[in-house]
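Please have the sequence and the three-dimensional view at hand while reading.

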Amino acid sequence: MSALQKFSNRQPWMDLCRTFAIFGVIVIHACGASLYQYGKIPQYDWLSSNLLDSFVRCSVPLFVMLSGALLLRKNKPPPTPIEIVQRIKKIIIPLLIWNIAYLNYVSYFSGQPINWASMLWQAPMYHLWFAYMIIGIYTLLPALQAIFEVIRNRTDLKIYFSVLWISVTCIPVYKSIPLFDLLQQTTLLGYGGYFLIGGIINSNNANKTSTAIWILIYLASVAVTFFLTWNLTTQANTLVETAYLYFSPNVFLASISSFIILSRVNIQENISRIFHWISERSFLVFFMHPPVLERVNNYAPVFNQTLSMLPSILAIAIITYGICLVIATLLRKIPKSQFFLG
């Protein structure tokens, strides 16, 4: 199959979704510096950061749901152990190389000796937890494919699974349910739930719910995230991230609604090629963006002098994104860089 044929068979909205998601992750990390300064910066600036973070908090679940949409297919047999190992290898080799790079990076700036074994129980850099989580999902892929195949045509089972997953995984973020503790049922697939939901949404072509309704659900969920974070932080006089948690009901609703909205976007072919180009570099951008963001953040005072907080954070995120894309493009010229670096 030619490269052009491969491209024509892609679903452009998936490239758009991945492009938005990686930018959202950068924005979340760009917001962190001001969010943790609650009480030390003007409240308007803190609220601007909170609002922006609330809008893109769905980014990480979007990545997971997109993976589910890509890997969970109708009438597809569960992958074999060899296929699972091959898929994990595509993650674990770049993860190992980036772990080594970040262990050296942290050691250089902290002056602390490197504990090479620490990567077995702790991610060397704050964002790398996501790659570990994806490896965990891939190990569950046969079970997730089997569950998907059973429930995809059963409305009652889809409702049953959704209610159960939300009850066990999402609601306890705010209010624990003692009955689940008593039943010894305190977890249900974790991010594998988002993975399954992504596959189910992608396969449910009969969903006729108006896009306008999903937009309203997304905006309402963002508002809940914003106001809850503001209220909890005000009460504690320090940033409280409970409403930011990816399993919180408000982030869950923002995630599924934004996923559905993005899946319905019609993209012209010339624009879709741009998103495709960015999308193919997104995993590499994900791995490298923290140190680039740190360097760009050094110029934050310059932005803050000419811009208010919200456009300042967006400018920092856009510049970071752009620099990472340039570096990723150069790294792609290295033979087999995709295999080793992601």
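## Basis of the report

The structure described here is a predicted model. Values for side chains rest on heavy atoms.

## Salt bridges

Side chains of opposite charge can pair when their charged atoms come close. The structure holds 6 salt bridges, and three of these pairs are described here: Asp15 with Arg18, Asp53 with Arg57, and Arg273 with Glu269.

In the pair formed by Asp15 and Arg18, the closest N and O atoms are 3.8 Å apart. Both residues belong to helix H2 (residues 12-35), and because they are 3 residues apart there, about one helical turn separates Asp15 from Arg18. Asp15 and Arg18 are both buried. Burial is also found for both Asp53 and Arg57, whose salt bridge brings the closest N and O atoms to 2.8 Å.

The salt bridge between Arg273 and Glu269 has its closest N and O atoms 3.0 Å apart. Helix H13 (residues 269-279) contains both Arg273 and Glu269, which are 4 residues apart, about one turn of the helix. Arg273 has a relative accessible area of 37% and therefore counts as partly exposed, since that class lies between the limits of 20% and 50%.

## Helix H4

Helix H4 (residues 59-71) has 13 residues, so at 1.5 Å a residue it should span 18 Å. The C-alpha atoms at its ends are 19 Å apart, which agrees with that expectation.

Of the 13 residues of H4, 12 are buried, so the helix is largely enclosed by the rest of the structure. The buried residues of H4 include Pro61, Phe63, Met65 and Gly68. Ser59 and Leu71 are also among them.

Asn250 lies in helix H12 (residues 249-263). Its relative accessible area is 5%, so Asn250 is buried, the limit for that class being under 20%.

Two partners are reached by the side chain of Asn250. With the side chain of Thr225, the Asn250 side chain makes a polar contact at 2.7 Å. The backbone oxygen of Ala243 is reached by the side chain of Asn250 at 2.9 Å. When neighbours within four places in sequence are left aside, the residues in contact with Asn250 are Tyr174, Ser221, Val224, Thr225, Leu228 and Ala243.

Methods: Residues are numbered from 1 along each chain as its sequence is written. This is a predicted model: local features need pLDDT of at least 70, side-chain atom pairs count only at pLDDT 80 or more; totals for chains, interfaces and linings use all residues. A salt bridge is a side-chain nitrogen of Lys or Arg within 4 Å of a carboxyl oxygen of Asp or Glu. Helices (H or I, at least four residues) and strands (E, at least two) are DSSP runs, numbered from the N terminus. Buried means under 20% relative accessible area, exposed over 50%, partly exposed in between (1.4 Å probe, protein chains only). The expected span of a helix is 1.5 Å times one less than its number of residues. A polar contact is a pair of N or O atoms within 3.5 Å; within protein, one must be able to donate a hydrogen and the other to accept it, and residues adjacent in sequence count only if both atoms are side-chain atoms. Contact means heavy atoms within 4.5 Å.
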